[in-house]
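Sequence and model go in first.

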Amino acid sequence: MSERSVSRRKQQKRWYKVLAPEQFDRAELGQTPADEPEKVYDRTIETTLGELTNDASKNNTKLTFKVNDVGSDAAYTEFVKHELTRDYLRSLVRRGASKIDANITAITKDGYRVEIQPLALTTKRADHSQEHAIRKQMITMVEETIEDHTYEQIVDSIVDGRISSAIYAEAKTIYPLRRVEIQKFTLEAHPDEVEAEEEASVSVDEDDVAEEVAADEDEETEE
């Protein structure tokens with residue numbers, strides 16, 4: 001390919017302004033180049049909550065967005081991940097105290113499958129039964145919250161710290177806590193993907209039942 005052809009292809013690329021979802025006030029996340037709009041889909045962009053809110057104290061929270069729609073000069077995104085930085089997580093851990101975490105996957109009220117990893121930090125070392133009780137409390141509260149709220153509501157409550165505060169208020173009655181954080185939140189599947197997986201699972205189960213029935217009939221025939 002000639003240098004002129006390469007240069008022409010570069011000139012044909014357009015820059016698309018990448019925008020956050022409406023719940024983040026369509027804030028500009030950056031720009032991305034592409035020679036075709038279709039190539040912008042599924043691109044991800046990472047920022048911090050501090051950059052998004054102009055609050056440097058929140059730079060310890062990373063947010064990831066994924067392009068799911070493209071206009072003439074803008075790319076629109078959905079929120080897909082919330083994660084605390086490793087440095088911040090390390091700074092939370094204290095010697096002589098307990099670090100209690102959990103990994104919960106559940107379906108939101110509007111059909112999204114999400115994964116949430118809450119983290120509780122005690123003031124002093126808790127015993128095994130206390131750690132178990134705190135973990136059980138976190139799992140119960142997170143599962144109920146996910147199942148009773150929409151995806152957008154869950155995102156809002158994680159970003160503004162409401163889920164962490166609610167867990168702290170309940171779990172501190174089991175053993176004194178220093179802090180509760182949501183160390184990671186991930187969108188795993190959209191409603192249509194969840195539905196397709198469930199249908200495939202039902203289909204497999206039906207096939208297994210049919211095979212078992214056929215096997216039983218064969219055994220009866222042999223007898």
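What share of the contacts with a separation of 6 or more comes from residues 24 or more positions apart in the protein chain? I got 59%. Contact here means heavy atoms within 4.5 Å.

Notes on the source. This is a predicted model, with residues numbered from 1 along each chain as its sequence is written. Local features need pLDDT of at least 70, side-chain atom pairs count only at pLDDT 80 or more, totals for chains, interfaces and linings use all residues, and side-chain values use heavy atoms, with hydrogens and water left out.

Whole chain. I counted 7 helices and 9 strands. These are DSSP runs numbered from the N terminus: helices are H or I with at least four residues, strands are E with at least two. Of the 223 residues, 37% are buried. Buried means under 20% relative accessible area, exposed over 50%, and partly exposed in between (1.4 Å probe, protein chains only). The accessible surface comes to about 13700 Å². Carbon and sulfur atoms hold 43% of that surface. The areas come from the Shrake-Rupley method with a 1.4 Å probe; for residues, only the protein chains shown count as cover.

D25. I found D25 in the loop between β1 (14-19) and β2 (28-34). D25 counts as exposed because its relative accessibility is 69%. I also checked D25 against L52: they are 27 residues apart in sequence, and 9.8 Å apart C-alpha to C-alpha.

H82. Is H82 buried or exposed? H82 is buried, at 4% relative accessibility. H82 sits in strand β5 (residues 74-84). I left aside neighbours within four places in sequence and listed the contacts of H82; among them are T61, L63, I158, I182 and F185.

R178. I placed R178 in strand β9 (residues 177-189). R178 is partly exposed, with 30% relative accessible area. Not counting residues up to four places away in sequence, R178 touches L92, V93, R94, L121, T122, T123 and Y168. A120 lies 58 residues from R178 along the chain, with 7.9 Å between their C-alpha atoms.

Helix α6. Which residues of α6 (residues 162-171) are buried? They are I163, S164, I167 and A171. They line one face of the helix, because they fall within an arc of 100 degrees seen down the axis of α6. I took the arc from the directions between the helix axis and the C-beta atoms. An α-helix has 3.6 residues a turn, so residues three or four places apart point the same way. The cover over the buried residues of α6 includes β8 (113-122), α4 (128-148), α5 (151-159) and β9.
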